[in-house]
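Morning, everyone. Please look at the structure on the screen, and I will walk you through a few parts of it.

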Amino acid sequence: MGLSRILCAAGLTLSLLASGSHAAPADRMSPMLGRDIESVLGGAKIRGVNLGGWLLLEPWITPSIFEQTPENVVDEFTMGETLGKDVATQLLRNHWEHFITENDFKDIAAKGLNFVRIPIGYWAITPLNGDPYSQGAYEFLGKALDWAQSAKLKVMIDLHGAPGSQNGLDNSGKRGGIGWLQGDTLAQTVKALKKISDDHAHHPAVAAIELLNEPMGPKIDMGAVKSFMGQGYQTVNSAGAGVTVAFHDAFQGPDAWNDWGNGMQNLLLDTHHYEVFDVGQLHMDVGAHISSACGFGQRMASSNKMTINGEWCGAMTDCAKWLNGRGVGARWDGTFNYEGQGSSYIGSCDGARRAGSIDQIQGQGRANLRDFINAQMVAYDRADGWIFWTWKTESAPEWDYRALANAGVIPVPPNPYNPNICG
């Protein structure tokens, strides 16, 4: 999941939509023609969803899995460490087989989307000796590419977890310290990218490969991060498939990379924007949230690279169960407690603010949710599009595209009902 939930504030059916076509501004770096995103989408903007919590678990997306385990199990690392590989693999395989199926890809396309981003951890691709992680997710990635091709959807394969953890969050597979860039972890990460590229870059559904999700730029050496991005770019390109190479902004902001990557073709900047992991943002009313999202869209547009918002949602509180991590409370109700960090009470998380179903969000709350999502769609279209986090959850409707679309909160197809909301 995105924007550093603990530490930071931070198919082709769309080509028929009037809002879906664009010409890249003259000062933006457009990819060369080939199998890159802009070519395979026929100039349409990206309208996509993440398949979060499928091939890489996050406790808040599927709390029922973690409720079957001891309290110290907070990520896939501690799951394997605590349960043992055999038990953990049995639990995970059942999840991989049932949480996302081919029918989900058909439904994604039927809702007017053209893109899916699929997160996966390095251990599923190139496991390391001594790791407690389970293997098997990689075979489901292969199935997913075929399902996407059948549904006429394009795919970004997203390396979401690196050896040692690139951000210390459970979405990297290992919550706690940041061990990436230490020892051989950079070379091991490049090795995983090479296998992804060699195995899947030529698949007709694959339009992009993302080098690494959310490296924690504020806490690690950005010079080393940029060096890795350069190595990763060369590694993906060496497969010779001509796919787009996506890279995350490392929480530096979408306009902070204008001087990097000159001369690199088929390059896509991925930035993430949430408004629930900072106390100041949590105090904002819906109007301020809308204004903030519109402003972020303008920052995206100021990038000189093809730029998308690869993770965003409709939430305006952090009340969803275990959103900040299993055993970590919420900033909203003052229960947040992680590694010495605390929070002060803003409001109760009871009722609609911790809704387990979209049906619990009614009246003005639903109207505000609808307006906020509409504004973000408009804002991120100022650049090259968006990928919502995430397609489905067990009990977090503001983060659940499928539930929101089925309830009419998100239009089908996703044309903003107020395209002028950002002015």
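The UniProt annotation "domain: Glycoside hydrolase family", from an unreviewed entry, covers residues 84-313. UniProt positions are in the numbering used here, feature names are shortened, and annotations may be inferred rather than shown by experiment. This is a predicted model: local features need pLDDT of at least 70, side-chain atom pairs count only at pLDDT 80 or more, and totals for chains, interfaces and linings use all residues. Residues are numbered from 1 along each chain as its sequence is written, and side-chain values use heavy atoms, leaving out hydrogens and water.

Back to residues 84-313. The span is 39% helix and 16% strand. Its end C-alpha atoms lie 34 Å apart. Helices (H or I, at least four residues) and strands (E, at least two) are DSSP runs, numbered from the N terminus.

Now Val155. It lies in strand 3, residues 154-161. Is Val155 buried or exposed? Buried, at 0% relative accessible area. Buried means under 20%, exposed over 50%, partly exposed in between, with a 1.4 Å probe and protein chains only. Not counting residues up to four places away in sequence, Val155 touches residues including Phe115, Leu145 and Ala207. Contact means heavy atoms within 4.5 Å.

Next, Asp104, in helix 5, residues 102-110. Asp104 is buried too, at 7%. Its side chain makes a polar contact with the side chain of Trp391, at 2.9 Å. That term means a pair of N or O atoms within 3.5 Å; within protein, one must be able to donate a hydrogen and the other to accept it, and residues adjacent in sequence count only if both atoms are side-chain atoms.
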